[in-house]
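Take a look at the model first, then read on.

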Amino acid sequence: MPPGIHSILPKALIALLAFALASASFDVAHADDQKPGFFKKLFGGGSKAETPPPAPEPEKKPAAKPKPEPEKTATRKSTSSKPPRVIITTTGGKKVEIGKKSTPAKTAAKKETPKDVTKSSSAKDNEAPMKGEFKELDDDKPSTAEKSKAVEVLPANGGWEIVKIGGRDYVTAESIRNFYNPVYGFTTFRIQGTHFWLGSSKLILKAQIGSQEMLINNIKFILSFPVVEYNGKVLFSRLDLCKLIDPVLYPSHIQNAEFFDTIVVDAGHGGHDAGARGIYGYEKDFALKMAMAVRAALIQRGFKVVLTRSTDTFLTLGGRVAIANQTPKSIFLSFHFNSGGAAATGIETWALTPQSAAATISRGGGYNVNGVTGNKQDSANIALATAVHASVISRFKFVDRGIKRAQWSVLTGCKRPGILFEGGFLTNGAECQLVASETYRQQVSAAIGDAVLNYRKALESAMMGKR
């Protein structure tokens, strides 16, 4: 397995997830150190007294009829000699005309191969959507190339510096640093070429201009929109700030957080729906075994557990969602395993696509125009996904495929915080051997159990009075 990932946290928090995992013949490779997590707030610490003013509201859905939005972009090039207008907005002050600079154009979206089709061992091996887990939606994607607008500059009075490019709001990295500095005490703010770093002893955030990948303490997140640059400033989309960065850095202030003591554990597929076929067995069987192991780990940690299925039976996607919605004081965890080319490997975790954003992959539901039921839990969804993903990735030497977004059917209609976890590739010989190992499943289940505890602890202050 590839080298482990190291997270950065204060020494005082190390004991929070200190956990000795038993070794075995199938030994799941551990990272060099047992790391407790990826950022301070999720694994404890912080207080409301440290809270700066509220983050800006997410951008509104576009009024114009949408056109396709690319899911992934590595680099972008200007395709027009006439650059788009840019609006910079902060609180208060006068209007000033400033220079204009061209912004990147879109690249073609990468096509995905369905899970039941064998792919060659190429770069596309790392993209493997799940067969049968998404109900196709009829929607369009909005264009990022809206009509040009006049340039406005309003001097900052302690507020957010917002740059409007092509009709979309972006927030400067300086604003993000200033907003979260009271808690994280940033000492590093660096731009080198296309690379950006924001860091302190508690947290390191890394991003690259033109990319949708972002690392927080070396845990990979896939942003809804690429990071961009204007006049020497690094810009993150306002939607990513509100729907990802803020709930990850400030989980204790998620406004609609509700207390939970029960976890609905969903074993994907079942019955005639076998899911992916691996060298050592079928996804439906491994998903059930993982669900049972997670159930045991959660009960050991004091939670109640409801299984969507406990035997090899078929259950509709709507039936799974209904169980979650009918279970009070609960969160939802759906377990699956991946398929792709023989070289494809790694762990990935899915949260629901926010409104006004596109899925990470082409089969992930496209553009979420009007929002769905599950979007009411956007902040809790991404915090839960981060807790689970970081706990597993930080503890073992797995390839980190990232925390991603899609409109899977088991997430779109869920009224509870919910995620879908992909525990490895059955089409990879070494990884399928691990999945078939009871030791692997027990160790990963222990990490997930700890993650759920830490997620509840991180949201504890937000849940007060809601039992």
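A crossing of two helices is left-handed if the near helix is turned anticlockwise from the far one by less than a right angle, and right-handed if clockwise. With that in hand, α5 and α8 cross in a right-handed way. This is a predicted model, where local features need pLDDT of at least 70, side-chain atom pairs count only at pLDDT 80 or more, and totals for chains, interfaces and linings use all residues. Residues are numbered from 1 along each chain as its sequence is written, and side-chain values use heavy atoms, leaving out hydrogens and water.

**Helix packing**

- Two packed helices are described by the angle between their axes and the distance between the axes.
- Helices (H or I, at least four residues) and strands (E, at least two) are DSSP runs, numbered from the N terminus.
- Axes are lines fitted to C-alpha atoms, for helices over the stretch in contact, and angles run from 0 to 180 degrees between N-to-C directions.
- Helix α5 (residues 378-395) packs against α8 at an angle of about 140°, and their axes are 8 Å apart.
- The two helices α5 and α8 are therefore oblique to each other (under 35 degrees is roughly parallel, over 145 roughly antiparallel, 65 to 115 roughly perpendicular, and the rest oblique).
- The contact of α5 with α8 has twelve nonpolar, one polar and two charged residues (Ala, Val, Leu, Ile, Met, Phe, Trp, Tyr, Cys and Pro count as nonpolar, Asp, Glu, Lys and Arg as charged, and the others, Gly among them, as polar).
- Helix α3 (residues 283-300) and helix α8 (residues 438-458) have axes that come within 8 Å and cross at roughly 50°, which makes α3 oblique to α8.
- The crossing of α3 and α8 is right-handed.

**Aromatic rings**

- The structure holds 14 aromatic pairs (rings of Phe, Tyr and Trp, its six-membered ring, with centres within 6.5 Å; planes under 30 degrees apart are stacked, over 60 edge-to-face and the rest tilted).
- Phe189 and Phe196 are edge-to-face, because their ring centres are 5.3 Å apart and their planes lie at 75°.
- Phe196 is buried at 2% relative accessible area, while Phe189 is partly exposed at 26% (buried means under 20%, exposed over 50%, partly exposed in between, with a 1.4 Å probe and protein chains only).
- Trp160, Phe179, Tyr180 and Tyr250 form one aromatic cluster.
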